[in-house]
Amino acid sequence: MTDQLIIRDLEVSIGTKKILRGLSLSVGQGEVHALMGPNGSGKTSLAYTLMGHPDYHVDAGEVTWRGESILKMAPDKRARAGMFLAFQYPSAIPGVTVASFLRNIYNAVHHPRNPDEAGEGAIKYTGIPLAKFRRLLEEKMALLSMDPGFSTRYVNDGFSGGEKKRLEMLQMAIMNPTLAILDETDSGLDIDALRQVADGINATLTPEMGVLLITHYQRMLNYIRPDQVHVLLDGRIVMSGGEELSHQLEANGYDWVREQVGVPDGVGDEVAEPAPQPA
Amino acid sequence: MAPVAGALDPAALMEVFGSRPEPDWLRTIRRRTWAGYDATPWPSASEEEWRRTRLDELPRDVPLVSDARAEVSVLDADATGAGVVFADLGDAVRDHPELVQRVLAADAAGPRTHAAFWELSRASWTAGTFLYVPAGVTISLVLRSRTATAGAGAFFPRTIVVAEANSTVTLLDEFSSVDGEPGWFGGTVDIRAGAGARVRYANLQRLGDATWNIGAQRVEVGPDAEVTILNAQVGSLVTKLGMDILMSGRGGTSRLLGILAAGDEQKIDINSLQDLSASNTTSDLLYLSALYDSAHAVFYGSTRVRSEAKQTSSFQECRNLLLSPKAGAEPIPVLEIETNDILRCGHGATAGAIDPVQMFYAQSRGLSHDQAERMIVRGFFERVVAQIGSEAIRAHVLAALEDRIGSAEVVAA
Ligand SMILES: Nc1ncnc2c1ncn2[C@@H]1O[C@H](COP(=O)(O)OP(=O)(O)OP(=O)(O)O)[C@@H](O)[C@H]1O
Ligand SMILES: [Mg+2]
């Protein structure tokens, strides 16, 4: 299978701090992989590294996507290659409406400007026709049970935690990626919203799409059934299993994992407090 | 070919003006204000507002631009019938001498920081935008005036807007000059909003990249008048603009909006004074600048609430987005409050780069670094753009900004 993400012995540091210490993981086409692990174990760091965040330095290892190494690719190029990251803490872009942002990112991914057209004499580039885009947007917003008024607000500006997560899913639906990395998309959602967002994700998933779903809670996995569950600890995947592993984790916690794999207490989660939730 | 004269050579100047078909009363004003200019010292670096801009390299030996004029949009028959006058200042002198004489006789002093240049413009203007709106008249069309200079030179056009009581008017006033030619632009803007008048004035500055812009603006807001001023600045090599917003009529409201996009080696230095001398007045200022390359902006904003002005509300806010490590901005708010009886008086000022997380977020959606930057900058300006009531003015301002910030492709959807 070529349509898959292969991470081999990945070592990542930020500044002088080593975060990933030889992580290996593969996600095939149409597969859902859940990634769990204590706060500060490096889940978001992995997601950022996969998407090409410039601060996360790859010291060793390889990541290939559809048979090609992606580590030298800029984030926007990875997006155009079909990768998508739903952020744990999405950024606000004040002054840019959801609708115009979505239209821009749709065009960037699906209607990239022909490089020959960049010159002075180029015909004015407009991308997807407005009416067609509006229909697409309405359809995707309905899929995620989103209020239409949402599209005129500024991107994540003053959004509640749950609204931000919904907007991440709307972006995913618009971009229609082949690899989706969802970083705690379930956290911050109320019970009804969790179900709606999960329904939306399921409706967005295609048989071609691979999913890496980062979560702290087994509950999400009732809606989106994983093919495999992995535990990240001490900078590595220390345990992998089927869906039942998420139940074991829920029941026994990460100390149980440490006992099982012989990692001393506290290693891999030295920063145990959760990352601050931005206002 | 119009005669030329060194901009500061009185003999040559008098020759220029002597050859113009001007009435004697105007010649008298020119002589008197020239004397006033002569008696007023140029600003010195010991003045707080002039510490950051030096005039040593101002091209002062260039000839006076005498062949430019303001191209103004045509009024409809209703407006003309109602007594509205909208014309190049020189044409207005010719066609409406009594009115212009009366308006010029009521000239008041300009911003203290630009006192000499204010007098210079009164003495040496060769073009200008003249707009007179009689009491009670509403002009719903957006009026537009364009003043362009073709070559090197010194140019001191005057914009004068007199909006009498309870009148309503919107004016887009555009200035441009060619790149590469050393120029001294000393345009002044004089806005007088009478009681209950509603004035929206947008100044679009696209001066050439070798032009020094030493402009001054004086805005007088009458009782219960509502005035919105927008300065959109994309051009010039050096700008040192002084603005006075005089809240001298009880219950008046002013909004002062600014958009500034600068790059290369541009130096932009603005000083404003929101002078609240009447009770129940409101004056808000919001200036946004995006600075590229080695551009540097200074914003010295004073708010003065005088002891006799009760129950006033004022705010000044200045945000600077630095798009290059070499770009810089200095917002300097100064508040002088002489009374305790105020509703609100405050300021906010920031200068900083784009948040890298925000940049990564946008890039992770497939936008290139440049596309993401353009989008973020365009979004940054939206707080002011959204307040531009006129669709036409918004389009002109955005088109002018595109020269500097690029096409944001942030289309309505
Ligand atoms: N920019 C940074 N500078 C310094 N340390 C960082 C930075 N980003 C992450 N870290 C550290 O790297 C470690 C892994 O953080 P990461 O956000 O990847 O954890 P996580 O598994 O996603 O945690 P959570 O479950 O709380 O979201 C933590 O110790 C964190 O403090
Ligand atoms: Mg995380």
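A:Lys18 counts as partly exposed because its relative accessibility is 28%; the term covers values between the buried limit, under 20% relative accessible area, and the exposed limit, over 50%, with a 1.4 Å probe and protein chains only. A:Glu11 falls in that class too, as partly exposed, because its relative accessibility is 27%. A:Glu11 and A:Lys18 form a salt bridge in which the closest N and O atoms are 2.9 Å apart. By salt bridge I mean a side-chain nitrogen of Lys or Arg within 4 Å of a carboxyl oxygen of Asp or Glu.

Before I continue, a word on conventions. This is a predicted model, in which local features need pLDDT of at least 70 and side-chain atom pairs count only at pLDDT 80 or more, whereas totals for chains, interfaces and linings use all residues. Residues are numbered from 1 along each chain as its sequence is written, chains are lettered from A and ligands numbered from 1 in the order in which they are written, and side-chain values use heavy atoms, with hydrogens and water left out.

Let me stay with charged pairs. Side chains of opposite charge can pair when their charged atoms come close. Over all chains, the structure holds 42 salt bridges. In chain B, one of them joins B:Arg112 to B:Glu49, at 2.8 Å from N to O. This pair links distant parts of the chain, 63 residues apart: B:Arg112 lies in the loop between helix 5 (97–105) and helix 6 (115–124) of chain B, and B:Glu49 in the loop between helix 2 (24–39) and strand 1 (70–72) of chain B. Helices here are DSSP runs of H or I with at least four residues, strands are runs of E with at least two, and both are numbered from the N terminus.

Through shared partners, salt bridges connect B:Asp107, B:Glu119, B:Arg122, B:Arg158, B:Asp190 and B:Arg192 into one network.

I turn now to the interface. In total, 40 residues of chain A are in contact with 23 residues of chain B, where contact means heavy atoms within 4.5 Å. The two chains bury about 2,500 Å² between them, 62% of it on carbon and sulfur atoms; buried area is the accessible area, with a 1.4 Å probe, that two parts lose on being put together, summed over both. How many salt bridges does the rule find across this interface? It finds 1 between chain A and chain B. A:Glu168 forms a salt bridge with B:Arg365, the closest N and O atoms being 2.6 Å apart.

Next, the nonpolar interior. A nonpolar core is a set of buried Ala, Val, Leu, Ile, Met, Phe, Trp, Tyr and Cys residues joined through side-chain atoms within 4.5 Å. The largest such core has 119 residues, and A:Leu170 and B:Phe381 have the most contacts inside it. From chain B, this core draws at least three residues from each of domain 1 (10–353) and domain 2 (354–413), with bounds that come from an automatic or database domain assignment. Leaving aside neighbours within four places in sequence, A:Leu170 is in contact with residues including A:Val98, A:Leu102, A:Leu137 and A:Met146. A second, separate core has 51 residues, among them B:Val137, B:Leu207, B:Leu241 and B:Ala327.

B:Phe86 is found in strand 2 (residues 85–88) of chain B and counts as buried because its relative accessibility is 8%. B:Phe86 and B:Phe130 are 44 residues apart in sequence, yet their C-alpha atoms are 5.6 Å apart in space. Not counting residues up to four places away in sequence, B:Phe86 touches, among others, B:Val72, B:Leu75, B:Phe130, B:Leu143 and B:Leu171.

Finally, chain A as a whole. Chain A contains 8 helices and 12 strands, and 53% of its 279 residues count as buried. Helix 1 of chain A is mostly covered, with 8 of its 9 residues buried; these include A:Lys43, A:Leu46, A:Tyr48 and A:Met51. After helix 1 of chain A comes A:Gly52, with a positive phi near 95°. Among contacts in chain A between residues at least 6 apart in sequence, 68% join residues at least 24 apart.
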